[in-house]
Amino acid sequence: MNIILLPPQANQEKNLEKTCIINDLNTIYHIKNVLKANSGDSLKIGIENGNLGTATVADISPTELTLTAIDCQNPPPNKLPLSVVLALPRPKVLRRLVLDMTAMGVKQLILVNSYRTEKSYWHSPLLSKIDDYIKEGLQQACDTIPMQVRCYPRLKPFVEDEFQPLFSHHQALIAHPYADANFSDIVHYAQDTVLVIGAEGGFIPYEVDLFARHGCTPVKIGERILRTENAVSMLCGGFLINQ
């Protein structure tokens with residue numbers, strides 16, 4: 001954790017004493033045993049959907065921590081002009097991807113079904129922990145604005161009914177290792193963009209054609225076929241570097 005993320009109510013004007021009590025045991029453990037913080041020490045913090053700043057440890061125990069002198073004046077970093085449509089991957093991979101995309105500053109993640117997505121993935125208990133992964137990514141990147149996440153378990157209705165209204169003013173690109181166009185030749189980093197990325201094994205031709213019929217340009221990164229995690233890092237990382 002490079003910051004401690006506090007709930008929005010920690011910044012309410014009525015909180016005249018500017019204090020916040022933390023009961024999350026993992027956060028307390030990190031502050032106490034990793035940051036080695038004691039009473040009177042200053043911590044870097046952020047208010048969810050608010051600013052970045054500092055707070056002072058007033059009291060700490062194994063089960064409760066009190067922060068005081070909360071002072072948040074610095075705005076969070078800007079989000080990337082980027083949304084990602086991702087075929088739902090294996091749940092353990094999803095955790096890493098959500099954390100990494102949050103840390104890089106992706107604005108929105110839409111999880112969709114695909115032919116190669118196992119039906120059981122949609123029933124994984126890890127899906128209910130996405131907010132925790134987002135919080136972890138925010139604390140890694142010193143950000144406070146959560147990435148928005150939506151799920152569409154049916155691919156065709158999403159593409160036919162939702163995709164173009166959502167992204168009518170975006171450049172739309174779908175990663176496909178057999179595309180003719182190179183990503184680096186097509187992409188405009190300053191423009192609002194939606195990237196469509198498959199899970200392991202990629203999208204089948206029908207799915208690529210479906211997205212293409214609704215405004216997506218198929219692009220490839222190079223001659224190598226990458227795993228989903230690598231493709232996400234490569235494609236999103238370009239927007240981060242060119243921000």
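At what angle do α2 and α7 pack, and how far apart are their axes? The structure is a predicted model, in which local features need pLDDT of at least 70, side-chain atom pairs count only at pLDDT 80 or more, and totals for chains, interfaces and linings use all residues. Residues are numbered from 1 along each chain as its sequence is written, and side-chain values use heavy atoms, with hydrogens and water left out.

Two packed helices are described by the angle between their axes and the distance between the axes. For α2 and α7, the angle is about 5 degrees and the axes lie 10 Å apart. Axes here are lines fitted to C-alpha atoms, for helices over the stretch in contact, and angles run from 0 to 180 degrees between N-to-C directions. Helices (H or I, at least four residues) and strands (E, at least two) are DSSP runs, numbered from the N terminus. The pair α2 and α7 is therefore roughly parallel (angles under 35 degrees count as roughly parallel, over 145 as roughly antiparallel, 65 to 115 as roughly perpendicular and the rest as oblique). On the α2 side the contact (heavy atoms within 4.5 Å) is made by Val93, Arg96, Leu97, Met101 and Met104, and on the α7 side by Thr228, Glu229, Val232, Ser233, Cys236, Gly237 and Leu240. These residues of α2 and α7 divide into 7 nonpolar, 3 polar and 2 charged, where Ala, Val, Leu, Ile, Met, Phe, Trp, Tyr, Cys and Pro count as nonpolar, Asp, Glu, Lys and Arg as charged, and the others, Gly among them, as polar.

Helix α2 also packs against α3, at an angle of about 40 degrees with axes 7 Å apart. The two helices α2 and α3 are therefore oblique to each other. Residues of α2 in this contact include Leu94, Val98 and Leu99, which meet a set in α3 that includes Ile130, Tyr133 and Leu138. The contact of α2 with α3 comprises 9 nonpolar, 3 polar and 2 charged residues.

A nonpolar core is a set of buried Ala, Val, Leu, Ile, Met, Phe, Trp, Tyr and Cys residues joined through side-chain atoms within 4.5 Å, and buried means under 20% relative accessible area, exposed over 50%, partly exposed in between (1.4 Å probe, protein chains only). The largest such core has 33 residues, and Val84, Met101 and Leu111 have the most contacts inside it. Elements giving two or more residues to this core include β6 (82-87), α2 (91-104) and α7 (228-241). The most, 6 residues, come from α2. Leaving out residues up to four places away in sequence, Met101 touches Val84, Leu86, Val106, Leu109, Met147 and Val232. Another core, of 20 residues, lies apart from it and has Ile110, Leu155, Val194 and Ala199 among its members.

Most residues other than glycine have a negative phi, and most peptide bonds are trans. Asn49, although not a glycine, has a positive phi of about 65 degrees. Asn49 sits in the loop between β3 (42-47) and β4 (52-60) and counts as exposed at 51% relative accessibility. Ala69, in strand β5 (residues 65-74), has a positive phi near 55 degrees and is partly exposed, with a relative accessible area of 43%.
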